[in-house]
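Subject: Handover of the model and notes on its contents

Dear colleague,

Please find the structure below, followed by my notes. I would be grateful if you could read the two side by side.

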Amino acid sequence: MIKLHDLYFKPFISEQEIDTAVQNMSDAIAKDLGDEMPVFIGILNGSFMLVSDFVKKYPKPCEVTFIKLASYEGVKSTEDIQRLIGLTQDLSGRTVVILEDIIDSGNTLEEVHRIFENENVKQLLIATLFYKPEAYNKDFKLHYVGMEIPNKFIVGYGLDYDGLGRDLPEVYQLKTTQHMTNLVLFGPPGAGKGTQANFLKEKYDLVHISTGDVFRYNIKNETALGILAKSFMDKGQLVPDQVTIDMLNKEVERNTGANGFIFDGFPRTYAQAEALDKLMDDKDSQINAMVALEVDDEVLVKRLLERGKTSGRADDADESIIRNRIKEYYTKTAILKDYYAKQNKYYGVNGVGNIEDITVRLSAVIDKL
Ligand code: AMP
């Protein structure tokens, strides 16, 4: 992912794919033109990189020149095309091939046709590396197209966003979701995830999703989901993955536009971690870190029994259920430490001490992300 000015872009078309498309265009044009010596005309600024690569691949002698037009402002195509440098040589009787980096609305192309209206060229051929069929609203024929792309704003390989990005050798696409901070708050039951999440969500303006809380809400309201979840929760067991994953997806969808999420109590299994990655990926985003509160088992049991005196939670009231929850954590959930450690996203934090001190320790990790 890259950031240009205020916006984030994700990789879209690789150098290799671009190279192949340029080669194919060059081969096709050379084949069609035979021994005719063409004049290739690049449309500045965007096409400078394409023209340079293209003419190096073109197998026969050719002439190269440029005209300079300006159409884009920010990420929107404007109707108003400025002619900054026009034609500087007589092209009558010549075969002219326009080399465009991208054709979207076709406004620039319309201006090109206007420029050539009275030039008496032998033929005017249009070649474009990228073409957005959904955005194109003109009738001019496009003779050579390197690659059709969806109607998304792209940068790189000559294309810019307000001056930046032209130098990139590959192409990036504007992310539909801009930057999010997504944290997995991790640790065994009683580690203090809920307590800490309440501070962190305010501090970092994130949406806190506790799967345990969502289940308890459903139990309280006697929904079908609640009735199903209760049968597992009361025994200190995990609710089945698909039920939990579907519920989490819905919670995330309910919060479009969030700056990011604190996932508390999710993921708890490998399948849930993979589902979360997929969900983040669908949102053009990712999990930035798993921040784990590390607390000794015996401290956990004591804390949960203490909480059970006031929480009203059946699963906090009984020591054997508490121990079962901790066991579920070690057999099913603790493996996720490796899952995130492998991606260099695991951060362990000492979860013993007073609440403020622990918040400071967690914030120190988050601030560095
Ligand atoms: P918690 O409030 O996080 O301690 O969760 C309480 C109970 O809700 C757990 O013991 C599970 O029965 C259930 N639960 C919460 N989150 C999940 C999850 N991600 N996967 C499966 N079960 C969960």
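Helices (H or I, at least four residues) and strands (E, at least two) are DSSP runs, numbered from the N terminus. Please keep in mind that this is a predicted model, in which local features need pLDDT of at least 70 and side-chain atom pairs count only at pLDDT 80 or more, while totals for chains, interfaces and linings use all residues. Residues are numbered from 1 along each chain as its sequence is written, and side-chain values use heavy atoms, with hydrogens and water left out.

Overall shape

The protein chain contains 13 helices and 15 strands, and it is divided into domain 1 (2–174) and domain 2 (181–368), with bounds that come from an automatic or database domain assignment. The C-alpha centres of domain 1 and domain 2 are 50 Å apart, and the C-alpha atoms of the chain fill a box of roughly 95 × 40 × 35 Å along the principal axes. The radius of gyration, taken over C-alpha atoms, is 29 Å, whereas a compact globule of 369 residues would have a value near 21 Å by the rule of 2.2 Å times the number of residues to the power 0.38.

Of the 369 residues, 48% count as buried, where buried means under 20% relative accessible area, exposed means over 50%, and partly exposed lies in between (1.4 Å probe, protein chains only). Among the contacts (heavy atoms within 4.5 Å) with a separation of 6 or more, 72% are between residues 24 or more positions apart.

Backbone features

Two cis peptide bonds deserve a look. The bond from leucine 44 to asparagine 45 is cis, with omega near 0°, and asparagine 45 is found in the loop between strand E3 (39–44) and helix H2 (48–57). The other cis bond joins phenylalanine 266 and proline 267, with omega about 0°, and proline 267 is in the loop between strand E13 (261–264) and helix H8 (270–282).

Positive phi values occur in residues other than glycine at asparagine 120, where phi is near 55°, and at glutamate 222, where phi is near 50°. Asparagine 120 is placed in the loop between helix H3 (107–116) and strand E7 (123–131), and it counts as exposed because its relative accessibility is 58%. Glutamate 222 lies in the loop between helix H5 (211–220) and helix H6 (224–233), and it too is exposed, with a relative accessible area of 63%.

Two residues in their surroundings

Is leucine 183 buried or exposed? Leucine 183, in strand E11 (residues 183–186), is buried, because its relative accessible area is 3%. Leaving out residues up to four places away in sequence, leucine 183 touches Leu206, Phe261, Ile262, Phe263, Ala289, Ile366 and Leu369. Glycine 308, by contrast, is 125 residues from leucine 183 in sequence and 27 Å away in space, C-alpha to C-alpha.

Alanine 314 lies in helix H10 (residues 314–317) and counts as partly exposed, because its relative accessibility is 44%. Apart from neighbours within four places in sequence, alanine 314 is in contact with Asp234 and Ile321. The C-alpha atoms of alanine 314 and phenylalanine 186, 128 residues apart along the chain, are separated by 22 Å.
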